Amino acid sequence: MVSDGIACIMMRGGTSKGGYFLAEDLPRDKAERDRLLLRIMGSPDPRQIDGIGGADPLTSKVAVVRKSERPGIDVDYLFLQVFVDQPLVSDSQNCGNILAGIGPFAIERGLVAPVEGETPVTIFMENTGQTTVARVRTKDGKPVYEGDAYIDGVPTPASPIYLSFSDAAGSSCGALLPTGSALTEIDGVECTLIDNGMPVVVMRAADFGLTGYETRAELEAAAEVKARVEKIRLQAGPLMNLGDVSEKSVPKMTLVAAPKNGGAIMTRSFIPHRVHASIGVFGGLSVATACLLPESPAYSLASLPEGREKMVAVEHASGQMEIVMRTDDSQPYGLGESSIVSTSRKLFEGRVFG
């Protein structure tokens, strides 16, 4: 009964946080489920004062997890973005940050049997049909949250969670480059329309009269820039096989510049109407991939290491995200497996009321 509350674990995953639920605890009817989640999060309201949302897209997220019936898969994960100030719940994208908490959550809820030392959890992402393997440190049958791994955008260290991806390309758009090219011009702006786990439009910050080093607050206040970015986004949606995106949270819009802190590329990301405090995992993966494509506006700005295995550090407003990119000549565009290190933390467990 909803009046009795619903079991929920609130977790930080990467640089986001949200409510993690077992699928069996939520209504099967999608419309009923979405109404309940809006109520739980406190949307629509800019402060989300009457719910557990944090008044920011990065803290108004939901993971729905079930034991998988797919061969070779441990759990199925559905990500839901609960809009803050609109009565909308979107399943049109993945979230690689919330993904970081799925392995620990699955172990906490008994969906995966823990292995002493480290437990691999194979996760099917329902939003896009991708699979990832998360490696979670475990001790005495429980996830280990304490550790010494830092990720930028999170002030305290935690136990590392290793996430590897091999089938991210075209997850939402049907192809890594849905237009068939790494260079597409929209409203006179050179763009890369790319989907390597997240649909992203990559553009030079300089083409908007920006340095690319502006703060989040400065970009939030730049009304003309935001309007121009949104105009391009609406045109990019159909080109990326996403249809009308006026009420969707994809594609993300990323402005790039030359790195200045020893990384590979500098980014500022619109997600899509607010400016990201850092960058999403799959958004970062898509941008890192664009840096490897000679036609992309990101390529000439990027500073990339040599070798078939490259550590591509994507700089953002609060630090950088390190992505290991492996090249493979037998694969399209020479792209092989990629992986990242993330962290997660259990914040509270109990019952939440709708």
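Student: Hi! How much space lies in the largest cavity?
Tutor: About 190 Å³. A cavity here is a set of points, on a 1 Å grid over the protein atoms alone, where a 1.4 Å probe fits but cannot get out. Its volume is the space filled by probe spheres set on the points, with grid points joined across faces, edges and corners. This is a predicted model, where local features need pLDDT of at least 70 and side-chain atom pairs count only at pLDDT 80 or more, while totals for chains, interfaces and linings use all residues. Residues are numbered from 1 along each chain as its sequence is written, and side-chain values use heavy atoms, leaving out hydrogens and water.

Student: Why roll a probe at all?
Tutor: Rolling a probe the size of a water molecule over the atoms shows where empty space is left.

Student: Okay, which residues are closest to the centre of the largest cavity?
Tutor: Those are Q93, K252, I271, H276 and G280, out of 20 lining residues. Lining residues have an atom within 4 Å of a point.

Student: And which helix gives the largest share of that lining?
Tutor: Helix α6 does, with three residues. Helices (H or I, at least four residues) and strands (E, at least two) are DSSP runs, numbered from the N terminus. α2 (96-99) and β13 (252-257) also supply at least two residues each.

Student: What volume does the second largest cavity have?
Tutor: About 30 Å³. Its lining includes P104, V136, Y145 and S344.

Student: New topic: how many residues does α5 have?
Tutor: Helix α5 (residues 223-239) has 17. From first C-alpha to last it reaches 25 Å, close to the 24 Å expected at 1.5 Å a residue. That expected span is 1.5 Å times one less than the number of residues.

Student: Which α5 residues are buried?
Tutor: V225, V229, E230, I232, R233, A236 and G237. Buried means under 20% relative accessible area, with a 1.4 Å probe and protein chains only. Among the elements covering them are β10 (184-186), β12 (199-204) and β13, by contact, meaning heavy atoms within 4.5 Å.

Student: What about the largest nonpolar core, which residues touch the most other members?
Tutor: V75, Y77, L99, I102, M203 and F208, in a core of 81 residues. α6 gives the most to this core, with six residues. A nonpolar core is a set of buried Ala, Val, Leu, Ile, Met, Phe, Trp, Tyr and Cys residues joined through side-chain atoms within 4.5 Å.

Student: What does I102 touch?
Tutor: Not counting residues up to four places away in sequence, I102 touches Y20, A63, V65, V75, Y77 and I123.

Terms used. On a 1 Å grid over the protein atoms alone, a cavity is a set of points where a 1.4 Å probe fits but cannot get out, and a pocket is an open set with protein on both sides within 12 Å along at least five of seven lines; lining residues have an atom within 4 Å of a point. Buried means under 20% relative accessible area, exposed over 50%, partly exposed in between (1.4 Å probe, protein chains only).
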